[in-house]
Amino acid sequence: MAQVAEATPSDADEVVDISEGVTRVDLTSGGRKKFKFTPAESDLLAIYSTGDYDTIAYLHDADGNYLTEDDEGGKDSNFKLVYNFTAGETYILDVGFYNDDEKGSFDIVVDKASWPEEINISNQYTNFLEGAYYPSYIYFLFKSKEADGGSDEFIILSGSYFCSGGFNYSIWIKDEDGNYTYTEDGTTQSFRDAKSLKAGKYTVELVGENKDEELEPVAGTKIWASYDIYVKSPDDLRHHIRHMSCQLDKLM
């Protein structure tokens, strides 16, 4: 059984050391708690809470510069931070309850991060009309199965990136030639940000392990899932309608 370190209300004004493993946090008097974490090795680690409370956490460097935060990335309403930590660097973890007036105890776990065992996307929108304006060409239902038994499910309506289970994912659209960008009026733009695409076939890609969601995928980038979308020209649509009409006539 894992050894559990204790962080108590008497530590309230101190920054308590934390290491990999389990640390129990006692906030029965309310307030927040700060922890100092200095990893021995550079690694992708997950820091998350377990318990029945809605928790939140902020991660800063030793100088107090904000790095990241999370509210409900873990199981149920627990926080879960996933971050690429650097060996020998000191980090400050500020944790507490989402509701400031909440009181109680919970555990914090520091462990090696594990990407989801399975990711599925469904209910995609795949057909569009050339010349029409669309707020986004991205629409699908995202489902994940986490290694710790947790799961996530929500609809992606637009946007270039999102977070699930503490991991960041980016979304990209490429044309049939494999290009993620195009040039219009001398300006380079991303297909994923376009509001009116030209007729053709495009591919939507869900990308993980991309440290910067603004950098397009390169060879070796993890593609969790993908699907094709089709932008039809008015002539294509008219031809399709005529074809369907002929098929119906044959059935009459």
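Lys232 touches Asn127, Phe128, Leu129, Glu130 and Ala199, leaving aside residues up to four places away in sequence; contact here means heavy atoms within 4.5 Å. This is a predicted model, in which local features need pLDDT of at least 70, side-chain atom pairs count only at pLDDT 80 or more, and totals for chains, interfaces and linings use all residues. Residues are numbered from 1 along each chain as its sequence is written, and side-chain values use heavy atoms, with hydrogens and water left out.

**Around Lys232**

- Lys232 belongs to strand β20 (residues 222-232); strands (E, at least two residues) and helices (H or I, at least four residues) are DSSP runs, numbered from the N terminus.
- With a relative accessibility of 36%, Lys232 is partly exposed, a class that lies between buried (under 20% relative accessible area) and exposed (over 50%), using a 1.4 Å probe and protein chains only.
- Although Lys232 and Ala199 are 33 residues apart in sequence, their C-alpha atoms are 5.2 Å apart in space.

**The sheet of 5 strands**

- An open sheet with mixed pairing is formed by 5 strands in the order β12-β20-β19-β16-β15; two strands pair if DSSP finds at least two bridges between them.
- β12 (127-129) and β15 (161-164) stand at the edges with a single partner strand each, so one side of each has no neighbour in the sheet.
- On average, neighbouring strands of this sheet are turned by 30° against each other, direction ignored; the axes are lines fitted to C-alpha atoms, for helices over the stretch in contact, and angles run from 0 to 180 degrees between N-to-C directions.
- Within this sheet, β16 (residues 167-174) and β19 (residues 200-208) pair in the antiparallel sense over 6 bridges.
- Ser170 stands opposite Val207 in β19.

**The sheet of 3 strands**

- A further open sheet has 3 strands in the order β11-β13-β14, with antiparallel pairing.
- Its edges are β11 (118-122) and β14 (151-156); each has a single partner strand, so one side of each is left without a neighbour in the sheet.
- Neighbouring strands here are turned by 15° against each other on average, direction ignored.
- β13 (residues 140-145) pairs with β14 in the antiparallel sense over 6 bridges, and Lys145 has Ser151 in β14 as its bridge partner.

- Strands β17 (residues 181-184) and β18 (residues 187-190) run antiparallel and are joined by 4 bridges.
- Thr183 has Thr188 in β18 as its bridge partner.
- The hairpin has 2 residues between the strands, and Asp185 takes a positive phi near 55°.
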